[in-house]
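I opened the notebook to look up charged pairs and surface patches. My entries follow the order of the searches.

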Amino acid sequence: MTKKKNDDNELFKSLLKLNIRYAIEDSNINIRMIDNRIKSYQTLIDHLEDNKPFFFQKKKLIEYNNKKEEYENKISELYAQLGEEYDLIEKLYSDI
């Protein structure tokens, strides 16, 4: 009975390590996706900057500022998600 229990424990440990490796791989994919989203929002901000209205175009300037703030908030949220993914990977690596 002890040998079977040891074999079961080894099998469980192997499966756990395999699951952790897949979780790390999945987290790395999420990091790349978040990075791509950050880059796309940064590109949108760059396009806004290229077409920034003059100071006397009040209505357009308000719209510009609102859009820019929205994109910057999205980037901030994505950086928070990125930090969470890095923390997750760090925790998963410590479990291996």
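**Entry 1: pair within helix H1.** I began with Lys39 and Asp35, which both sit in helix H1, four residues apart, about one turn of the helix. Helices here are DSSP runs (H or I, at least four residues), numbered from the N terminus. The side chains of Lys39 and Asp35 form a salt bridge, 3.3 Å from N to O. I took a salt bridge as a side-chain nitrogen of Lys or Arg within 4 Å of a carboxyl oxygen of Asp or Glu.

Lys39 is partly exposed, because its relative accessible area is 48%. Asp35 has 32% relative accessibility, so Asp35 is partly exposed too. The classes are buried (under 20% relative accessible area), exposed (over 50%) and partly exposed in between, with a 1.4 Å probe and protein chains only.

**Entry 2: basis.** I noted that this is a predicted model, where local features need pLDDT of at least 70 and side-chain atom pairs count only at pLDDT 80 or more, while totals for chains, interfaces and linings use all residues. Residues are numbered from 1 along each chain as its sequence is written, and side-chain values use heavy atoms, leaving out hydrogens and water.

Entry 3: How many salt bridges does a search of the whole structure find? I got three. Side chains of opposite charge can pair when their charged atoms come close.

**Entry 4: pair between helices.** I looked up Glu49 and found Lys68 as a salt-bridge partner, with the closest N and O atoms 2.8 Å apart. This pair links distant parts of the chain: Glu49 is in helix H1 and Lys68 in helix H2 (residues 58–95), 19 residues apart. Glu49 is partly exposed because its relative accessibility is 34%. Lys68 has a relative accessible area of 22%, so Lys68 is also partly exposed.

**Entry 5: pair within helix H2.** Glu70 makes a salt bridge with Lys67, and the closest N and O atoms are 3.9 Å apart. About one helical turn separates Glu70 and Lys67, because they are three residues apart in helix H2. I logged 36% relative accessible area for Glu70, hence partly exposed. Lys67 comes out partly exposed at 37% relative accessibility.

**Entry 6: nonpolar patch.** Which residues form a nonpolar patch on the surface? I found Leu11, Leu15, Leu18 and Tyr22, with about 410 Å² of accessible area together. Patch residues have over 30% relative accessible area and no salt bridge; like charges are joined within 9 Å, nonpolar side chains (Val, Leu, Ile, Met, Phe, Trp, Tyr) within 5 Å. Areas are from the Shrake-Rupley method with a 1.4 Å probe; for residues, only the protein chains shown count as cover. Leu15 lies in helix H1 (residues 2–50). Leu15 is partly exposed because its relative accessibility is 46%.

Methods: Helices (H or I, at least four residues) and strands (E, at least two) are DSSP runs, numbered from the N terminus.
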